[in-house]
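Subject: Structure handover

Dear colleague,

Here is the structure I said I would pass on. My notes on it follow below.

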Amino acid sequence: MGVSLSVRLYSRADDSPPSSSSAFPPLAVPTSSRLAVTLNSSPVAPGDSRSHWSSVHHSPHFLLSACKQEVTRSPAELSSDGVRAEMGVKSGLHVWEVLWSPDHRGSHAVMGISMQSCPLQASGYTVLIGGDSQSWGWELKTNQLWHAGQRLGLYPGTRTRCHSEAAEDLSTQSSTSLHTKVARTPLPIPERVLLVLDADAGTLGFVVDGSYVGVAFRDLPRGVELFPAVSSVRGGASIRLRYLNGATRDPPALMALCGLSIRQLLGEQRQNQIGKLPLPFHLQHYLISSQ
């Protein structure tokens, strides 16, 4: 029964409300209950070692904070610099939070995952994570996906939007022309992004503005240690990492599925009314303690 429920239940990917002008909720895709339960579970303690950037595997231009959860890139000309997490994973579903202010990105700001041997420093300004066969990266400014030094397309999906000039172009076109000029415009990525790695399925996706916007990379190597990683060319860029939660490949527990279903029915605005529900005490306690 638990397996049957687990393949039917879907949820919004993240309980943080999106901004009213966000472009991402319409791009959201359904999540499996395994991912939905993981995202709706209480995060692990902030000091968890899986939240640490590596003190060894980083460019010399990246400086680590004392807590190892934040890295800051020193000003350096003609250098692309990367850093990966201290701990990687070989199996399971895992979610990390990456905080990176849009004002501190500049060009070639990339987040993704890497293997152990991924290079973390290069001369010039380039995409480092995703620049070789050992890493997979999402370039935030252009929305491009990168692997093995190749562009793999826009993520999420390919979206086109008209610039204001399109209206002027339309008015000046001849009556026989029905086409308007359309330009691809990258979507602005907010400060907070969740990185979702399913090492069992070999996929990497992202949650943006509270919406899971689908799989970015498939066919990742199985049984190989994979690490969250970022690369930057901007001096002063500060990037924080936090491991939120994870799950084994087993179906979610029935209690977790029940809790998820109840929270879905309540909605975001009524989560504080759990104590008023006609539920057994132990279930109420579980729901309140897991908020």
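Which residues line the largest cavity? They are Lys90, Leu197, Asp198, Ala199, Gly202, Thr203, Leu220, Pro221, Arg222, Gly223, Val224 and Leu226. Before the rest, some conventions. This is a predicted model, in which local features need pLDDT of at least 70 and side-chain atom pairs count only at pLDDT 80 or more, while totals for chains, interfaces and linings use all residues. Residues are numbered from 1 along each chain as its sequence is written, and side-chain values use heavy atoms, with hydrogens and water left out.

Cavity and pocket

The largest cavity has a volume of about 40 Å³, and the structure holds one cavity of 30 Å³ or more. On a 1 Å grid over the protein atoms alone, a cavity is a set of points where a 1.4 Å probe fits but cannot get out; a pocket is an open set with protein on both sides within 12 Å along at least five of seven lines; lining residues have an atom within 4 Å of a point. Grid points are joined across faces, edges and corners, and a volume is the space filled by probe spheres set on the points. The cavity lining divides into six nonpolar, three polar and three charged residues (Ala, Val, Leu, Ile, Met, Phe, Trp, Tyr, Cys and Pro count as nonpolar, Asp, Glu, Lys and Arg as charged, and the others, Gly among them, as polar).

The second largest pocket holds about 200 Å³ of space. Its lining includes Pro30, Arg34, Val196, Asp198, Thr203 and Tyr212. Two or more lining residues come from each of α2 (33-39), β11 and β13. Helices (H or I, at least four residues) and strands (E, at least two) are DSSP runs, numbered from the N terminus.

All six residues of β12 (203-208) are buried, that is, under 20% relative accessible area, with exposed meaning over 50% and partly exposed in between (1.4 Å probe, protein chains only). In a regular strand the side chains alternate between the two faces of the sheet. Here Thr203, Gly205 and Val207 are buried on one side, and Leu204, Phe206 and Val208 on the other.

β12 pairs with β11 (192-198) in the antiparallel sense over six bridges; two strands pair if DSSP finds at least two bridges between them. Gly205 is the bridge partner of Val196. Four residues lie between the strands of this hairpin, where Gly202 takes a positive phi near 75 degrees.

β12 is also joined to β13 (211-217), by four bridges and again antiparallel. Val208 stands opposite Ser211. This hairpin has two residues between its strands, and Asp209 has a positive phi near 50 degrees although it is not a glycine. Asp209 counts as buried because its relative accessibility is 19%.

Elsewhere in the chain

Tyr155 and Pro156 are joined by a cis peptide bond, with omega about 5 degrees. Gly157 lies 8.8 Å from Val213, C-alpha to C-alpha, although they are 56 residues apart in sequence. His108, in the loop between β5 (93-100) and β6 (110-114), has a positive phi near 55 degrees.

Overall, the chain has five helices and 15 strands, and 46% of its 291 residues are buried.

Regards
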